[in-house]
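Subject: Structure for you to look at

Hello,

Here is the structure I promised you. Please open it beside this email and follow along.

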Amino acid sequence: MRLHYAGPLPEPIGFLLLPRFSMMAFFSAVEPLRIANRIAGERLFTWRVIGLDGASITASNDMTLLADDTLASAPALPSIAICASFEPEERLTHHLLHWLHQRHQGDSVLGGIDTGSLILARAGLLAGQRVTLHWESLPAFRERFPEIDAVESLFEVGPRGFSCAGGTAAMDMTLDLIARRHGDALAADVSEQLIHARMRPRHDHQRHDLTQRLGTHKHSVIEAVALMERHLETPLTLARLAARIGISLRQLQRLFEQELGERPRDHYLRLRLQHARQLLRETDRDILSIGLASGFTSASSFSRAYKQHFGTSPRQARHPHPDDTT
């Protein structure tokens, strides 16, 4: 995954899988390597699965993979991807931090898949890098690490590290690696084998644009929702929002009910509460500060709205039951 590689073939890549890692992201990263080897008729890449200590690692979908190595036994590798998903910091130990620093000081280029960049940020190994991670985790990551340039791209590759948003973005990052190492033609052949319609560039957005997400082409509705998403901490009044897009408040309300089947007030509240839920799950900020960051004026008003919408209190949301995650 490193930007340049001048060593012998096959090129070895390590995948450190943290418990509850994203199986989808891991397979999306590895399968293009396997197919590239088959099409090329030679081993261009090899990969090793690294676990923290035991012989197996359980993914977020409850499937289990056997590890090739532990932290103690893993060989020197030019690239190591930390593959994570839900609550990656639960397994962040001094031993793991020490291991990451050792590899960083050696010849390994470290990267993050899905929320793997959060581990590297906690280790202090992302200074001066631009990184990405899953869009759901980006707001909380930016809150905690404002000094790191975190962007909503599919993947990022630089001289000192790499990262991707997880899911099928890992496939795009690996296809980019294949193209850089062995040419666009091979990467295109691998993409076709995967029934991957096109090789997406790194700067593609992770999410569908608002037209697709909302299911409407009404410019006023799209512009209104975009303003809502940009003003979660200090919400605009509906009158102010309508004025910003050049329509009346009555028109705004009518358009939302016609196009989205809900009132603009309810849509705005849902966006703010979803933002709060991510901050609760992925930061250690207190309830009041999270409520304020989501546009509420007090902890009580925030807790009341949160419980009414999600059926659980903000405090309980910090440690959701595994069945509540997907």
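Why are R180 and D176 separated by about one helical turn? The two residues are four apart in helix α5, which covers residues 169-182, so about one turn of the helix lies between them. Keep in mind that this is a predicted model.

**The pair in helix α5**

Find R180 and D176 first. Their side chains meet in a salt bridge, at 2.8 Å from N to O. Side chains of opposite charge can pair when their charged atoms come close. Now check how open each partner is. R180 has 30% relative accessibility, so R180 counts as partly exposed. D176 has 25%, so D176 is partly exposed too. The class "partly exposed" runs between under 20% for buried and over 50% for exposed.

**Other salt bridges**

How many salt bridges does the structure hold? The number is 13. Here are some to look up.

Start with E89 and R144. These residues form a salt bridge, and their closest N and O atoms are 2.7 Å apart. E89 has a relative accessible area of 22%, so E89 is partly exposed. R144 is partly exposed as well, because its relative accessibility is 25%. E89, R122 and R144 are linked in a network of salt bridges.

Next, go to R263 and D266. Their salt bridge has its closest N and O atoms 3.0 Å apart. R263 is partly exposed, at a relative accessible area of 38%. D266 also counts as partly exposed, at 29%.

**The two domains**

Now zoom out. The protein chain is divided into domain 1 (11-194) and domain 2 (210-318). Their C-alpha centres lie 33 Å apart. Seven residues of domain 1 and eight residues of domain 2 take part in the contact.

Together the domains bury about 660 Å² between them. Of that area, 47% is on carbon and sulfur atoms. Which three residues supply more of the area that domain 1 buries against domain 2 than any other three? They are E136, A140 and E143, with 57% of that area.

What kinds of bonds cross the boundary? The count between domain 1 and domain 2 is one salt bridge. There are also two residue pairs in polar contact between the domains. On the side of domain 1 that touches domain 2, two residues are nonpolar, one is polar and four are charged.

Last, find D69. This residue lies in strand β5, residues 69-70. Is D69 buried or exposed? D69 counts as buried, because its relative accessibility is 8% and buried means under 20%. Which residues does D69 contact, leaving aside its neighbours within four places in sequence? The list is R48, V49, I50, G51, A74 and P75. Select these residues together with D69 and turn the view.

Best wishes

How values were computed. Residues numbered from 1 in each chain as written. Predicted model: local features only at pLDDT ≥ 70, side-chain atom pairs only at ≥ 80, totals over all residues. Heavy atoms only, no water. Buried < 20%, exposed > 50% of the residue type's maximum accessible area, 1.4 Å probe, protein only. Contact = heavy atoms within 4.5 Å. Domains from an automatic or database assignment. Buried area = accessible area lost by both parts, 1.4 Å probe. Salt bridge = Lys/Arg side-chain N within 4 Å of Asp/Glu carboxyl O. Polar contact = N/O pair within 3.5 Å; in protein donor to acceptor, adjacent residues only side chain to side chain. Nonpolar A, V, L, I, M, F, W, Y, C, P; charged D, E, K, R; others polar.
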